[in-house]
Amino acid sequence: MEYTATKSQLAKVIRERRAVKKGYNNKEVKKETILELLQDAIWAPNHGMRQPWRFIFVGQNKRPDFAKKVAATYPEERQKNREDYLNEPNAILVVVMEEAEIQKQWEENYGAVACMVQNFWLLAWEKQLGVVWKTNPHMYDPAVNDLLQLKENEKIIGFLHLGYFDEKPAVKERTPIEEKFSLF
C-alpha cells in the first residue's frame with residue numbers, strides 16, 4: 001500500500017483532531033469500523049516488534065451492562081454517576097498493554113501503545129468518529145481487571161470513549177513551540 005497523503009494533509013488532520021467528550025449523535029459505532037481503524041493504527045512504532053497492545057470493544061448493545069458492572073466497583077453513593085458517565089459514549093474501546101518486567105521495556109511498550117492510540121485517534125477523526133482517552137480510577141481497580149479477564153501481565157492503559165459527532169469541539173491553542181524548545 002502506497003502512502004499518498006501530503007505533509008500538509010497530515011498536518012491538517014493532526015491540528016484539527018480534538019478530544020470529543022460530549023455531544024455524540026446516535027449513530028452506532030460498529031465493531032467493523034473499529035477493526036478497520038485498528039488495522040492501520042497498529043502500524044505504530046514499537047520496539048522489538050513486541051506489539052504490546054490488546055483491545056476490548058464494548059459496543060452499544062453491551063455498554064449498559066458494562067457500565068453497570070464497572071460502576072459497581074465504586075462506593076454506592078458514586079455508582080449512579082459513574083454508570084451514567086460510562087453510558088455517555090456510543091461505544092468504548094479498552095486499550096490493554098502487556099507489561100514487561102524490565103522497566104525499559106515497560107516504558108517502550110507504553111510509548112508504543114500511546115503512539116498507536118494517536119494513530120487510531122487521527123484515523124477516527126477522518127471518519128468524524130470522536131475519541132477521548134479516559135484514565136479514570138476504575139481502570140486501576142482489580143475488579144475491573146477481573147471483569148475484563150486481563151492476564152496477570154496486562155494493564156489497562158485507557159478507556160477510549162467513542163461516538164460520532166455533528167459539531168467539532170472548539171480549538172484550544174497550544175503554547176508556542178519556541179517556549180518549549182532549546183538548544184544544547
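# A report on sheet, helices and salt bridges

At a relative accessibility of 65%, Q149 counts as exposed, where exposed stands for over 50% relative accessible area, buried for under 20%, and partly exposed for what lies in between (1.4 Å probe, protein chains only). The structure is a predicted model, in which local features need pLDDT of at least 70 and side-chain atom pairs count only at pLDDT 80 or more, while totals for chains, interfaces and linings use all residues. Residues are numbered from 1 along each chain as its sequence is written, and side-chain values use heavy atoms, with hydrogens and water left out.

**Two loop residues with positive phi**

Q149 is found in the loop between α6 and β4; the helices (H or I, at least four residues) and strands (E, at least two) are DSSP runs, numbered from the N terminus. Although Q149 is a residue other than glycine, its phi has a positive value, near 55 degrees. M49, which is not a glycine either, has a positive phi of about 50 degrees. M49 lies in the loop between α2 (31-41) and β1, and with a relative accessible area of 56% M49 is exposed.

**The sheet and the helices across it**

Four strands form an open sheet in the order β1-β2-β4-β3, with antiparallel pairing, and two strands are taken to pair if DSSP finds at least two bridges between them. Because β1 (53-58) and β3 each have a single partner strand, they stand at the edges, and one side of each is left without a neighbour in the sheet. On average, neighbouring strands of this sheet are turned by 25 degrees against each other, direction ignored; the axes behind such angles are lines fitted to C-alpha atoms, for helices over the stretch in contact, and the angles run from 0 to 180 degrees between N-to-C directions. β1 is paired with strand β2 (residues 91-98) in the antiparallel sense over six bridges, and within this region F57 has L93 of β2 as its bridge partner.

Two helices lie across strands of the sheet. Helix α3 (residues 63-71) lies across β1, β2 and β4 (154-164), and runs at about 55 degrees to β2. Helix α5 (residues 103-126) lies across β1, β2, β3 and β4, and its direction is about 155 degrees to β3.

**A buried histidine and a nonpolar patch**

H138 lies in the loop between β3 (129-134) and α6 (142-147), and with a relative accessible area of 2% H138 is buried. When its neighbours within four places in sequence are left aside, H138 is in contact with V70, T73, Y74, L86, V144 and F159, contact being understood as heavy atoms within 4.5 Å.

I177, by contrast, is exposed, with a relative accessible area of 56%, and its place is in the segment after β4. Together with F181 and L183, I177 makes a nonpolar surface patch of about 400 Å². Patches are made of residues with over 30% relative accessible area and no salt bridge, like charges being joined within 9 Å and nonpolar side chains (Val, Leu, Ile, Met, Phe, Trp, Tyr) within 5 Å. The accessible areas come from the Shrake-Rupley method with a 1.4 Å probe, and for residues only the protein chains shown count as cover.

**Salt bridges**

Side chains of opposite charge can pair when their charged atoms come close. A salt bridge here is a side-chain nitrogen of Lys or Arg within 4 Å of a carboxyl oxygen of Asp or Glu, and by this rule the count comes to eight salt bridges. The table lists some of them.

| Salt bridge | N to O distance |
|---|---|
| E16 and K12 | 3.0 Å |
| R54 and E154 | 2.8 Å |
| K80 and D84 | 2.9 Å |

E16 and K12 both lie in helix α1 (residues 7-16), four residues apart, which is about one turn of the helix, and E16 is partly exposed, with a relative accessible area of 27%. R54 counts as partly exposed, at 27% relative accessibility, whereas E154, at 10%, counts as buried.

K80 and D84 are four residues apart in helix α4 (residues 76-86), and are therefore separated by about one helical turn. K80 is exposed, with a relative accessible area of 56%, while D84, with 37%, is partly exposed. Elsewhere, salt bridges that share partners join R50, K104 and E108 into one network.
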